[in-house]
Structures are given as structure tokens and as C-alpha cells.
Amino acid sequence: MRSYDQPHVLAARARGLRTGAIFLRHVLPVAAPPLLALLGVSFAIAFGAAIPIEALCDSPGLGQLAWHAALNRDLPLIVNLTFAVSLVMLAANSLADIAGRAFAGNTQ
Amino acid sequence: MSSLKKIAATLLCIILIVIVLATIFVPAPYAQQFRELPNAGPSTAHPLGTDALGRDSLSRLLYGTRVSLLLAPAAALLSTLIAALLGSAAGFVGGWFERIVLVATDLSLALPWLFLLLTVRALLPLDVPPVVSVTVAFLMMGLLGWQASVRVICAAARGVRDSDYLLLARSSGCKPARLLLRHVAPNLRSLFYAQFWISIPLFILTEANLSILGLGVMEPMPSWGNLMRGFEDFSAVAANPWKLAPLVLLVVVVMCFQLVLPSEEVTQ
């Protein structure tokens, strides 16, 4: 939240904008690119965490499917699952990248 | 060094001493069964009770800590070695070699880490002796966990490439191998230490994850992940809170490792 210390925020505050407006129009767009990059990375963490969580809580899902496939040595299934998850992560990362660039372009 | 760091380092040292001396004061060997006492509560003979097969929980915890705390630094050492070699060579040579290494790193970073480990583990035989399973887990984590470090080391090596002392060494006729080993690598040493230290808690958690899924260290050899396998039965854990001991130890050790991480000014 270093963005609050920047001069344009001070200028906005001096013009008498309210806190909500400053946050939405002046702070959030500047802070967005790193946050979006973080969003892309957290996809990977979420998919990784799905495996032990679904195995422990016995709830059906991609993670449990991958676990059973690994235990039964069902190679085609687990290789394709990994491939599918990689595609989803690639898409999420690319989208986050594009959105981040769009924000960076707007603020410059 | 802050006081929090000192406390964490002291705790880690105590745990290390305890597991080194574990053989002296464990109540029983980790695989010995007390068949008349399965699922027993804490007592003087078994301070943490016994598990469903009647094995002493405290000795399993101590030996499991030994396995986990040996495995993670070993895997971290292997992955840091690979990352140091690849990263410093890529940053030093530059050009097409650097581009190929970085593209390969990016590609393998895009793969989901745990899914990748599951796939590689499933490719290898599952029905193996415990010692082999430990070796496989350590090799797998070490050989697949170097990507993030390569990027950092490569970026640092690129900075060293244009330095004056390297120009001097080159002008006095050093061969590339000598430049890399005597001039580039020693200057990146603090970075290697930092990367090694950072990857230890990561590998501790990965090993616990794999073992909890039954794909890491195999029974009867204990490890933190193995010891946490009964946790899906929430009511049993709630009734016997001392069964959470491996989880508490895992959390404490990972937190200690994070706290004693080399600070920014050391790694720069």
C-alpha cells in the first residue's frame, strides 16, 4: 500500500475527493498490476493445494482424481490431468498478464 | 540479529540435537509393535501413546523428524546445485544459451508443481522398500525444484558478467571454466546460501504433502507426512489431541526456518 504516499494521491486529497473515490480512482489502478500478477501465481497454489485438501476431506474433484490416478498408476489419466491444469494455469497467467498490461498502459 | 531470530535459531538447534540423540532416549524402535496396546493414550511407558498398530508414537515422531529434516536439506542442496550451475552458466555465457535455459525454466515453472510430482511419482514403481522410497522422494524434489532459483541466480550472474574484475580476469587470459568457477561463482555465494535456505521449508512441506498422499516415504519408515495420515478422521483427532504432535512440530519447524532466513542485506 505504498501507493497512498504518492503525490497524485495527495493532490486528489487536496482537491477534496472522498476516501472511497481516492481508493477506486487513484490508488487501485496503480496498485493493480502487481496484484494481478499475484492472482496469476495464486492459481498455481490453489490447484496444488486442491490435491491434499480433497484427499483429506474426501471430496470429489480434480485433486482427488489425480491422487487416485497416481496411486493406481493410471498414467494416461494423470498425464492428461497435469496437461489440462497446466493449460488452465497458462490461460490464467496470460489473462492476468494482459489485464496487468492494460492497467499499466492506462496509468502512464 | 533480532531476538525473534535468535529464539527460532535456538529452537532449531534444540530440535536438531534431539533428533541426533534420538536413539538414546526413544522408548522403542519405530517399527516395534506393542500388540496388547493399540491406540493407547499417553502413559509413562509411551508418552504420546501408540498408533493403531500399537507402535510407540513418540519414537515414530522422533524418527520421522529425522527423516524429514534430513530429506529436505538434501533435496534443497541438490536443487540449489543444479540451479547454481545452470543459472550462473546461463547468466555468464548469455546469448542463445541463456535464452534456452530461461525458456525451459519458464516452461517448467508453468507446470503445476504438485501435479508434476504426482505424475513423476506415478511413473516410477510404487511398491518399493522404504529406503528406496526416501531416495526417490529426495531425488524427485531435488531434480524438479530448481526453476525459481535459476531465474534469481541467472539475473545476478548477468550483473557480474559486465563487471570490471571479470574484464581484468579475461584480459589476463583466464579460460571460461576458470572464470566461472573462480570469479563468478564465489561472488554469487551468498545468493546460493540464501536460495538453499529458502528451499528447505518448501521441501519440508512438499515431502509432507507427498507422504500424506501415500506417495512419499513408505511405511513402516515414519516421516511427518506419514504420521499425519490419520487426520482425515476428525473426531478421533479431536478426542486425542496429542495425535496432533507431528503437525505442531511441522508448523514450528517451518516457521523457525522462515524466521531465520538470511535477511535482505546479506543476500544482496
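In chain B, the axes of helix H3 (residues 57–93) and helix H7 (residues 147–161) come within 7 Å and cross at roughly 35°. Helices here are DSSP runs of H or I with at least four residues, numbered from the N terminus; axes are lines fitted to C-alpha atoms over the stretch in contact, with angles running from 0 to 180 degrees between N-to-C directions. This is a predicted model, in which local features need pLDDT of at least 70 and side-chain atom pairs count only at pLDDT 80 or more, while totals for chains, interfaces and linings use all residues. Residues are numbered from 1 along each chain as its sequence is written, and chains are lettered from A in the order in which they are written.

Let me turn to the contact between the chains. Chain B contributes 20 residues and chain A 23 residues, two residues being in contact if their C-beta atoms, placed from the backbone, lie within 7 Å. On the side of chain B that touches chain A, H5(B) gives the most, with nine residues.

Next, the nonpolar cores. A nonpolar core is a set of buried Ala, Val, Leu, Ile, Met, Phe, Trp, Tyr and Cys residues joined through C-beta atoms within 7 Å; buried means that 20 or more other C-beta atoms lie within 10 Å of a residue's own. The largest has 55 residues, and Ala70(A) and Leu118(B) are among those with the most contacts inside it. To this core H3(B) gives the most, with ten residues. A second, separate core of 16 residues includes Leu86(B) and Cys154(B).

Finally, Ala70(A): beyond its neighbours within four places in sequence, its contacts include Ile78(A), Leu118(B) and Leu215(B).

Note on methods:
Helix = DSSP H or I, 4+ residues; strand = E, 2+ residues; numbered from the N terminus. Buried ≥ 20, exposed ≤ 12 C-beta atoms within 10 Å, placed from the backbone.
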